[in-house]
Amino acid sequence: MKSTRLAIFLQDGSPEKIRTAASILASAAALDWEITAIFMGSALRKLVEGRLDEGLRSDEAGASGLIQSARSFGRTSILACTADARSTGHSREQILKHVDDILAMPTILLRIEGAATKLFI
């Protein structure tokens with residue numbers, strides 16, 4: 001049976017890429033896939049600062065709402081890379097309000113081993 005696991009690395013904080021990644025997360029969650037989303041770089045900074053919807057048109061579904069929808073299905077894990085978390089300038093406690101865990105990249109790679117779909121956006 002084909003794996004229904006998705007790993008998505010989101011590094012770019014541009015509105016289009018954040019919105020695309022959020023749409024993929026919500027779609028995979030609706031299909032009951034197991035999802036691991038790894039936020040890094042400017043995407044992590046925007047997540048922590050509550051700015052995921054910044055720059056989107058008013059007629060577009062917000063990225064934050066799509067991610068919240070994906071999480072509501074119960075099979076979506078949001079992670080931050082340790083190195084990127086340090087570079088945000090935010091405390092660990094502040095970041096953990098927005099992600100499930102902060103992990104080193106080797107640990108993240110072990111966690112997503114076997115995911116049939118791996119995307120880097």
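Q: Which residue just after helix 3 takes a positive phi?
A: The structure is a predicted model. In this model, a phi of about 90 degrees is found just after helix 3. The residue that takes this positive phi is Gly74.

Q: On which side or sides of helix 3 do Ala63, Leu66, Ile67 and Ala70 lie?
A: Ala63, Leu66, Ile67 and Ala70 of helix 3 are buried. They cover an arc of only 100 degrees around the axis, so they lie on the same side of helix 3. In general, an α-helix has 3.6 residues a turn, so residues three or four places apart point the same way.

Q: Which exposed residues does the face of helix 3 turned away from its buried side carry?
A: The buried side of helix 3 is formed with Ala63, Leu66, Ile67 and Ala70, which are buried. The face turned away from that side carries two exposed residues, Gln68 and Ser72.

Q: Against which elements do the buried residues of helix 3 pack?
A: The buried residues in helix 3 include Leu66 and Ile67. The elements they pack against are helix 1, strand 2 and strand 3.

Q: Which element gives the most residues to the largest nonpolar core?
A: This core has 30 residues, of which Phe39, Leu44, Ile95 and Val99 touch the most other members. The elements that give two or more residues to the core include strand 1 (5-10), helix 1 (15-30) and helix 2 (41-48). With seven residues, the element that gives the most is helix 1.

Q: With which residues is Leu44 in contact, leaving aside its neighbours within four places in sequence?
A: Leu44 is among the residues that touch the most other members of the largest nonpolar core. Once neighbours within four places in sequence are left aside, the contacts of Leu44 are Phe39, Ala80, Asp84, Ala85, Thr88, Ile95 and Val99.

Q: Which residues do salt bridges that share partners join into one network?
A: The count of salt bridges comes to eight. One of them links the side chains of Glu54 and Arg51 at 2.9 Å, N to O. Elsewhere, salt bridges that share partners form one network, and the residues joined in it are Arg5, Asp32, Glu34 and Arg75.

Methods: Residues are numbered from 1 along each chain as its sequence is written. This is a predicted model: local features need pLDDT of at least 70, side-chain atom pairs count only at pLDDT 80 or more; totals for chains, interfaces and linings use all residues. Side-chain values use heavy atoms; hydrogens and water are left out. A nonpolar core is a set of buried Ala, Val, Leu, Ile, Met, Phe, Trp, Tyr and Cys residues joined through side-chain atoms within 4.5 Å. Buried means under 20% relative accessible area, exposed over 50%, partly exposed in between (1.4 Å probe, protein chains only). Helices (H or I, at least four residues) and strands (E, at least two) are DSSP runs, numbered from the N terminus. Contact means heavy atoms within 4.5 Å. The arc is that of the directions from the helix axis to the C-beta atoms. A salt bridge is a side-chain nitrogen of Lys or Arg within 4 Å of a carboxyl oxygen of Asp or Glu.
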